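Reader: Hi! Could you walk me through this one?
Author: Happy to, here it is.

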Amino acid sequence: MHRARQGVSTLSEDQGRRPTVHGSALRQCVAQGLPLPAAPINAGNAGASSEAGSSPARASRRRRPEAVIDLDLRMPSNRAPLRLRPMLAATDGAALDDARLVYEPKYDGIRALIEVAPSAVRGESPRVAIWSRNGNDKTAQFPDLVPAVAGLVARRRSALLLDGEIVALDAEGRPTSFLKLQPRIHRHRTTARESARAVRDQPVVFVAFDLLDDGDESLRGRPFTERRARLEQRLGRTRRKLVWLSECAVGDGRELHARAQRDGWEGLIAKEATSIYHNGKRSPAWQKIKLLRSQEFVVGGWTAPRQSRQHFGALIVGVRGDNADEAEVPGLTYAGHVGSGFSDAELARLAKLLGPLSVADSPFTAMPPAHETAHWVEPVLVVQVKFTEWPDGGALRHPVYLGLRDDRPARSVTREGAPAGPADPSALDPMGGIDALAERLEDLEQARRRGTLELDGVRVAVGNLDKVFWPALGVTKGELLRFYVRIAPYVLPAVADRPLVMKRFPNGIDGKSFYQHRAPSPLPDGLPALPLRESPDRPETEVPYLVGGSLATLLYMAQLAAISQDPWFSRVSAIESADLTAFDLDPGPGVRFRQVLDVACWIHDELDKIGVPSVPKTSGSSGLHIYLPLPDDTPYEAGMLLCQIVATLVASRHPKVATVERMVKRRREKTVYIDYLQNIYGKTLATAYSARASDYAGVSTPLTWREVHAGAKQKLDPRAFTIRSVMGRLERVGDLWAALRTGEKANLRAAAALTTNG
DNA sequence: GCTATTA
DNA sequence: TAATAGCAACGCTTT
DNA sequence: AAAGCG
Ligand SMILES: [Mn+2]
Ligand SMILES: [Mn+2]
């Protein structure tokens with residue numbers, strides 16, 4: 001497969017000089033109005049370059065934009081209809097003593113809607129279907145539940161649709177970790193014999209908490225409390241072996257919460273008593289109350305680092321058993337591998353402490369599971385670790401290092417709280433929505449495993465999630481992917497239908513990076529690539545591009561270590577027109593951010609005067625971007641010319657502060673470079689809501705002009721917006737970037753007239 | 001980070 | 001099967 | 001032809 005560079009050396013007639021607009025011509029333009037030229041401008045410096053990507057500014061013969069390309073992904077098949085999709089809980093916490101709420105334990109199993117209908121044929125057993133949270137048919141995985149559920153309609157012979165959770169039981173018949181269900185869920189087909197064995201070895205029950213259909217009647221429009229009453233009525237008094245009724249507490253969840261703390265549940269669900277049922281919706285009427293646990297552990301060893309990680313990969317930690325016999329210190333029981341939460345500096349500090357403690361033999365009573373080669377130490381260091389769950393007899397889930405407890409004697413460290421750790425059922429189901437997806441990624445990272453995400457019917461392979469991309473912060477690739485999962489509702493509209501350039505950092509932000517335009521081949525099945533010319537007039541420069549808009553593309557790119565999302569200023573439906581144009585404010589070395597804000601304000605003042613709308617954002621690094629929405633069919637040159645005029649004007653008024661000089665050594669010290677040269681076919685700028693490969697793991701964050709104008713006083717700091725922190729702001733201020741899509745476009749004709757007169 | 005090639 | 005090599009942008013500017 | 005620029 002040759003992919004030799006094409007058209008590198010052939011000096012076609014195309015490469016002859018074509019007229020450019022020079023500095024003098026610019027003055028002319030300004031002086032005479034703006035009959036926008038069809039050639040790139042040269043104001044002492046013109047040419048291609050970009051934050052990421054580029055392409056020539058060739059433009060004289062404008063061809064009509066190509067036909068609209070249909071980017072529809074295939075729809076997933078074999079899914080349950082909406083009426084069989086469960087209502088989901090929002091992430092947010094809720095008060096524990098809200099009289100309007102009903103509290104339930106967050107069961108540790110697999111969410112399921114179970115349909116049961118009496119057979120039309122007398123004497124035949126009722127039909128049962130078990131639907132997963134994603135609408136997949138799971139009936140075959142739980143054959144033992146079928147007769148039990150069928151029994152519910154035997155007497156009354158009318159159908160039911162139940163909502164609840166399939167929960168695994170331990171030897172004592174108590175609910176236990178969903179991990180026990182793995183063998184029954186696991187993807188690859190099992191033989192009938194194997195599945196029979198799974199059924200025998202791992203008993204399950206269905207814990208019902210809602211009733212959606214009672215006979216022919218839909219209860220979805222009824223308040224939750226009424227549905228619950230009907231459910232209790234239909235299930236009856238007798239406690240069944242395999243179909244249970246969920247516990248609940250009306251108006252006060254404190255007692256349940258205390259038990260959750262004590263018994264190590266994952267959390268509670270709070271439901272508005274009056275709320276109706278919305279199939280398939282994540283509704284704020286239902287809220288998760290999550291419990292995070294944290295306690296001390298003794299360090300008994302460490303594992304070798306992988307890849308770019310320094311010093312060690314994970315701490316192997318444990319606790320002392322109960323000290324029944326006071327005569328001796330009890331043995332150390334393994335609790336888990338703690339591999340995240342370390343900064344570079346902390347890794348180094350701990351490594352220095354661990355070195356002298358090295359011993360030959362494991363201090364643990366039983367040999368911990370070996371992920372990597374283990375090195376043992378004298379069990380004297382005590383660390384604080386937070387985690388989501390700690391199943392009895394199992395390992396910590398999602399452990400994160402919080403710090404060293406210099407103040408604690410290692411011998412006194414024992415398990416706090418009680419056993420029984422549930423987990424989130426959704427972790428099994430990669431299609432279960434944002435939270436489920438984020439949790440699945442967290443699980444995979446924790447387990448250091450590869451996995452496949454199914455996103456809108458596209459299967460995307462992910463791996464190496466524990467690789468550290470920001471060493472100074474300890475931010476991993478997994479955290480980057482989780483960030484993109486959460487910010488997807490904001491960033492996807494911003495990149496929708498736009499070709500994307502990749503800037504890849506396979507070894508983290510300190511490693512070697514490279515640009516990539518060409519979509520890899522083969523792509524995950526169902527991911528589209530769109531052939532586009534690097535240069536609009538040169539057909540031989542065509543390469544396949546990834547196009548934004550889908551979660552699958554977004555996460556696939558992040559998996560390839562494309563940290564930022566760098567879209568074109570065109571959408572594919574009009575690939576040679578710009579629908580956005582931007583100023584890129586690049587502060588020189590040592591320039592304070594407040595100076596960047598000043599320059600932005602001056603630009604805003606000018607745009608305001610000529611009635612051109614604009615939206616500012618941090619770049620996610622040290623600069624600022626200002627975007628202008630353009631009307632349909634605007635040539636790139638028109639957008640760029642407007643930016644050039646305004647940039648040049650501002651720079652000429654404030655020569656000590658701002659410049660449009662492209663050549664670094666000809667710029668004054670401590671100036672802000674107003675870069676308008678991205679506004680060219682094929683060039684890019686990191687989009688709003690994109691992560692950046694900056695030292696602080698920044699996110700390009702839209703601002704209001706009010707914030708920019710008040711910024712110096714308010715100490716506006718782009719470093720406040722990181723992949724760890726930005727979601728809070730977004731929930732407060734919403735999608736400021738949407739104004740570029742929904743608001744007025746710049747009126748270039750009017751702007752030109754005003755520019756002339758001003 | 002991924003793929004094809006090589007020992 | 002495991003280790004390794006090769007690969008992943010571009011155009012316009014100034015010197 | 002090579003280096004600088006983003
Ligand atoms: Mn910039
Ligand atoms: Mn720039």
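**The metal site**

Author: The manganese ion (ligand 1) and the manganese ion (ligand 2) are 3.7 Å apart, and Asp584 coordinates both. This is a predicted model, where local features need pLDDT of at least 70 and side-chain atom pairs pLDDT 80 or more, while totals for chains, interfaces and linings use all residues. Side-chain values use heavy atoms, without hydrogens and water, residues are numbered from 1 along each chain as its sequence is written, and chains are lettered from A and ligands numbered from 1 in the order written.

Reader: Which protein donors does the manganese ion (ligand 1) have?
Author: Asp584 (OD), Asp584 (OD) and Asp586 (OD), lying 2.1 to 2.8 Å from the ion. Donors are N, O and S atoms within 2.8 Å of the metal (3.2 Å for Na, K and Ca), and water is not among the atoms, so sites may look incomplete.

Reader: Is Asp584 buried or exposed?
Author: Asp584 counts as buried because its relative accessibility is 0%. Asp586, at 23%, counts as partly exposed. (Buried is under 20% relative accessible area, exposed over 50%, partly exposed in between, with a 1.4 Å probe and protein chains only.)

Reader: Switching topic: what about strand S16?
Author: Strand S16 (residues 332–338) is mostly covered, with six of its seven residues buried. Strands here are DSSP runs of E, at least two residues, numbered from the N terminus.

Reader: And how does S15 pair with S16?
Author: S15 (residues 315–320) pairs with S16 in the antiparallel sense, over six bridges; pairing takes at least two DSSP bridges. Val317 stands opposite Gly336 in S16.

Conventions
Helices (H or I, at least four residues) and strands (E, at least two) are DSSP runs, numbered from the N terminus.
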